[in-house]
Amino acid sequence: MASARVPSTDRNESRARDVLAAAHRIAAHDGLAEGTWNHFSLMLDATRMLITPADRHWALIDPDSLVLTADDDDARERGRQFLIGYRIHQPLHQVRPAARCVLHAHPPYATALSLLDEPELILASQMSVGFAGRIAYNDHYDLIGGAAGQGERIATALGDKDVLLLRGHGVVIVGPGVESAYLDLYTLELACRSQVLAMSTGREVRPMGAIEVAELTGADPDSDDEARRHFAAMRMLVDGPRGRPTLNRTG
């Protein structure tokens with residue numbers, strides 16, 4: 001029997017759709033998207049998930065494009081490509097309920113780092129030190145073992161960290177909200193870019209010392225505000241000052 005579509009009744013759903021849709025457009029502008037692939041998701045409550053559709057380029061994602069779903073049957077009805085995303089994200093939200101937002105993408109430099117025999121992000125740059133103690137790494141390509149358990153394997157590899165560098169498969173980032181999770185995705189790619197470029201010289205990358213890292217990773221009470229400021233600035237660039245998409249702006 002076909003399952004009923006999830007009703008759109010949450011009074012905060014309109015804002016959730018607006019912010020999550022904007023994250024897709026910003027990611028397309030920032031070069032972090034791959035056409036219609038990859039997925040961003042945001043939980044509205046304990047069961048209802050907003051997630052990327054499988055049939056629209058990220059530069060064209062608007063609030064109404066996002067899919068509201070709550071169960072495997074509904075996801076399966078929407079087709080294989082959509083089900084792939086749902087099966088990655090749903091287990092992550094289930095085991096990390098405080099992580100309302102889950103971002104999965106294949107940023108070029110982070111993905112390049114994941115291909116190396118030793119893929120660890122070296123705490124050598126201003127951007128990389130912000131991820132001290134926050135990154136997990138999986139040892140095997142997560143699709144090995146079958147698609148049905150892919151999300152569970154990813155969730156296990158992530159553990160209690162905020163970032164998982166997927167071997168040969170980009171990254172997963174979890175966070176309490178869209179703005180903070182997106183800033184992590186953006187700054188992680190900057191950190192990976194600096195490391196890959198430095199490694200391309202053939203010289204050794206010099207990590208910061210433990211005392212330097214400790215000083216630079218002290219509590220930052222302004223971090224959430226910074227995430228919101230950055231997100232708002234990028235929205236103005238991508239959507240224009242009145243919030244209308246300006247699709248000709250690609251970078």
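Contact means heavy atoms within 4.5 Å. By this criterion, and not counting residues up to four places away in sequence, Val178 touches Val19, Leu20, Ala23, Leu42, Cys101 and Phe231. The structure is a predicted model, in which local features need pLDDT of at least 70 and side-chain atom pairs count only at pLDDT 80 or more, while totals for chains, interfaces and linings use all residues. Residues are numbered from 1 along each chain as its sequence is written, and side-chain values use heavy atoms, with hydrogens and water left out.

The pLDDT (the predictor's confidence in each residue, from 0 to 100) averages 89 for the chain, and 90% of the residues score at least 70. Over residues 246-251 the pLDDT stays under 50, and the model has twelve contacts beyond four places in sequence for this segment.

Val178 lies in helix H6 (residues 178-199); helices (H or I, at least four residues) and strands (E, at least two) are DSSP runs, numbered from the N terminus. With a relative accessibility of 3%, Val178 counts as buried, where buried means under 20% relative accessible area, exposed over 50%, and partly exposed in between (1.4 Å probe, protein chains only). A distance of 30 Å separates the C-alpha atoms of Val178 and Pro207, which are 29 residues apart along the chain.

Strand pairing was assigned where DSSP finds at least two bridges between two strands. Strand E7 (residues 171-175) has five of its five residues buried, so it is largely enclosed by the rest of the structure. Val171, Ile173 and Gly175 point one way from E7, Val172 and Val174 point the other way, and all are buried. E7 pairs in the antiparallel sense with strand E4 (residues 101-105) over five bridges, and His104 stands opposite Val172. Antiparallel pairing also links E7 to strand E6 (residues 163-165), over three bridges, with Val163 opposite Ile173. The hairpin of E6 and E7 has five residues between the strands, and Gly168 takes a positive phi near 70° there.

Strand E1 (residues 39-43) is mostly covered, with five of its five residues buried. His39, Ser41 and Met43 lie on one side of E1, and Phe40 and Leu42 on the other. E1 runs antiparallel to E4, joined by four bridges, and His39 stands opposite His104. Three bridges join E1 to the antiparallel strand E2 (residues 49-51), in which Ile51 is the bridge partner of Ser41. A hairpin of five residues connects E1 to E2.

The structure holds 17 salt bridges (a side-chain nitrogen of Lys or Arg within 4 Å of a carboxyl oxygen of Asp or Glu). One of them is formed by Arg134 and Asp162, whose closest N and O atoms are 2.8 Å apart. Arg134 lies in the loop between helix H4 (108-114) and E5, and Asp162 in the loop between H5 and E6, so the pair ties together parts that are 28 residues apart in sequence. Asp45 and Arg48 form another salt bridge, with the closest N and O atoms 2.7 Å apart; Asp45 is partly exposed at 33% relative accessibility, whereas Arg48 is buried at 9%. A salt bridge also joins the side chains of Asp225 and Arg228 (2.3 Å, N to O). These two residues are three apart in helix H8 (residues 223-239), and are therefore separated by about one helical turn. Salt bridges that share partners join Glu13, Arg17, Asp45 and Arg48 into one network.
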